[in-house]
Amino acid sequence: MSFSYCTLFSTALIFLPTFLALLVPSFSNSLVNVTRGGTPRQLSVNFYAKTCPQVDQLVASVTSEQFREAPVSAPATIRLFFHDCFVEGCDASILISTRPGSNDLAERDAEDNKDLAMEAFDSIKKAKALVESKCPGVVSCADILAIAARDFVRLTGGPYYQVKKGRWDGKFSLASSVPSNIPHANSTVDELLRIFKSKGLTLDDLVVLSGAHTIGFSHCKHFVNRLYNYRGTKQPDPAIDPRLLKALKMSCPQFGGNTDVVAPFDVTTPFSFDNAYYGNIESKLGLLASDQALSLDPRTMPLVQALAKDKQKFFQAFAAAMDKMGSIGVKRGPRHGERKRDCSMHL
Ligand code: HEM
């Protein structure tokens, strides 16, 4: 797949061309039971069979167009889905805008969500508008986000999997719920595991879902300490390949750099959803400390090695893990959820 850099980076600047030049040589349709507070909640692939049978195609028409017009929508939407599911469950609470004049900030205005790209919100807004025009008041924003994330995985070259549906949208969205639920670039494996386990996800899910960093970009602030002052040593992180270190330092000065600059997660194939992420972290080419840590920790290393060797294994595992992540804290019914017409506002 080829992209024009101009299209791709319409807003932010980038990148590491010299370094890149150096380097570049169904599953089950069955129902899932989500248990929370003892009540089983079921999602199903055919949830809208009677009420909006064409929902997947409607969303697909928007995501494919959006991908042509603004390819950054792909990584941005996959990340948006992750940040939705990890905070109060997959309930589209990430899409709510803070009410004008209100002191209660919504999730999307939390510090950890400030970098979520506009293109992701636009993709869901457009998809929701089209779905509402054909099936008014039926399909939740949370389901549309889950379908769009899957589409973008596929559009960038990753696996196709069926998305189970039936999520209701959440009634609350609070910025204060975000910090303790979203992992950070300098989190240790223990900290990552604690957060993933609190969502019902395993060590393997952590390794597999981190493979989403095979596409997309990170702002310098998330890794700049690794380049100049790793864990207070005033030295670079010894676990960075010296060529990557040099290239990243050129893009990201220790002080006073342009805050819009981003670097690709996957320095070998930045635009393809493949398993190169794992080979990279084995070769000290991880961008974030949290990525690199997965190839160094004896608990996660064996799976990193297996996924680096086997793209199909990664694709299968990723599809299954996205399904699992998409089932976190799902709400069903009007007691806990709502059906919004506009994803940015509560009813
Ligand atoms: C394991 C813990 C994780 C940490 C610490 C982490 C951290 C980050 C950070 C710091 C960024 C850069 C944001 C920016 O500067 O704009 C990022 C981007 C991204 N993350 Fe993660 N992430 C994690 C897990 C995940 C998971 C589970 C997924 C999805 C399944 C995911 C998908 C993405 C994608 C696709 C991007 C690129 C976004 C873009 O280019 O717009 N991440 N992540």
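Mentor: One term before we start: an axis is a line fitted to C-alpha atoms, for helices over the stretch in contact, and angles run from 0 to 180 degrees between N-to-C directions. Helices (H or I, at least four residues) and strands (E, at least two) are DSSP runs, numbered from the N terminus. This is a predicted model, in which local features need pLDDT of at least 70, side-chain atom pairs count only at pLDDT 80 or more, and totals for chains, interfaces and linings use all residues. Residues are numbered from 1 along each chain as its sequence is written.

Trainee: Okay, at roughly what angle do the axes of H7 and H8 cross?
Mentor: The axes of helix H7 (residues 189-198) and H8 cross at roughly 105° and come within 9 Å. H7 and H8 are therefore roughly perpendicular to each other, a label for angles of 65 to 115 degrees, where under 35 is roughly parallel, over 145 roughly antiparallel and the rest oblique.

Trainee: And which residues make that contact?
Mentor: Leu 192, Leu 193 and Phe 196 of H7 make it with Leu 203, Asp 205 and Leu 206 of H8, where contact means that C-beta atoms, placed from the backbone, lie within 7 Å.

Trainee: What about H4 and H6, how do their axes cross?
Mentor: The axes of helix H4 (residues 73-86) and helix H6 (residues 141-155) come within 9 Å and cross at roughly 140°. That makes H4 oblique to H6. The residues of this contact of H4 with H6 divide into 11 nonpolar, two polar and one charged; Ala, Val, Leu, Ile, Met, Phe, Trp, Tyr, Cys and Pro count as nonpolar, Asp, Glu, Lys and Arg as charged, and the others, Gly among them, as polar.

Trainee: Switching to the ligand, how many residues surround it?
Mentor: There are 25 residues around the ligand, and the closest are Pro 75, Asp 115, Ala 212, Gly 216 and His 219, with a residue taken as near if its C-beta atom, placed from the backbone, lies within 6 Å. H4 gives the most to this shell, with five residues. By class, the shell has 14 nonpolar, nine polar and two charged residues.

Trainee: And why does the ligand lie between the two domains?
Mentor: Domain 1 (14-24 + 203-321) and domain 2 (33-182 + 325-338) both give residues to the shell around the ligand, so it lies between them; the domain bounds come from an automatic or database domain assignment.

Terms used: Contact = placed C-beta atoms within 7 Å.
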